[in-house]
Amino acid sequence: MGFTFQAQSSSSDVSDSVSLELTVSPEKEAITKENMTPGDSVSATINVANTGTVDTFYFISVDWSAAESTTPAQATRLANELEITVTVPDPATLYSGKMVDLINQPPDGRLLTLEIIEEDVTFTITLPETAGTSLAGIGIIFDLIFIAT
């Protein structure tokens with residue numbers, strides 16, 4: 001997945017073109033887990049690379065919806081219970097909290113410079129022990145969204 005932004009000066013004969021682009025790998029199905037029970041966790045690592053021509057900040061959000069045979073209300077209950085932790089090798093935690101609240105994190109963005117052009121971002125999703133069994137059989141589908149600025 002790439003996002004490109006180009007700028008050109010209109011005030012001179014010399015034009016400067018910059019490219020703002022992030023590439024994530026893998027692009028699909030990085031995290032899958034069926035039949036989670038309270039206390040279960042699943043982790044996956046996604047590589048984020050600055051493939052543009054300028055230093056880039058990125059932010060992470062999650063977009064979720066109900067899986068087949070799950071109502072939107074049930075998926076909302078699950079998204080409010082699932083905990084997600086986002087870490088990088090610094091070690092640094094970019095986010096730790098409920099899945100439903102993972103929007104434009106970290107608050108100040110994460111910088112990928114032209115010197116340090118890529119990093120691995122690990123996502124750990126946990127169904128807390130306190131969730132109880134009422135969430136059994138509820139499914140959720142989610143996309144991890146990386147936004148470059």
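**Figure 1. Order of the secondary-structure elements along the chain.** Read along the sequence, the elements of this predicted model follow the pattern β-β-β-α-β-β-β-β-β, and the chain accordingly holds one helix and eight strands.

**Figure 2. Close-up of strand β2 and its surroundings.** Strand β2 spans residues 41-50, and seven of its ten residues are buried, that is, under 20% relative accessible area, so the strand is largely enclosed by the rest of the structure.

**Figure 3. Close-up of the pairing between strands β1 and β2.** Strand β1, which covers residues 22-25, runs antiparallel to β2, and four bridges join the two strands. One of the residues in this view is Ser 25, whose bridge partner in β2 is Asn 47.

**Figure 4. Close-up of the pairing between strands β2 and β7.** Strand β2 also pairs with strand β7 (residues 118-126), in the antiparallel sense and over nine bridges. Within this pairing, Ala 44 has Phe 123 of β7 as its bridge partner. As background to this view, the side chains of a regular strand alternate between the two faces of the sheet.

Technical notes. Residues numbered from 1 in each chain as written. Predicted model: local features only at pLDDT ≥ 70, side-chain atom pairs only at ≥ 80, totals over all residues. Heavy atoms only, no water. Buried < 20%, exposed > 50% of the residue type's maximum accessible area, 1.4 Å probe, protein only. Pairing = 2+ DSSP bridges.
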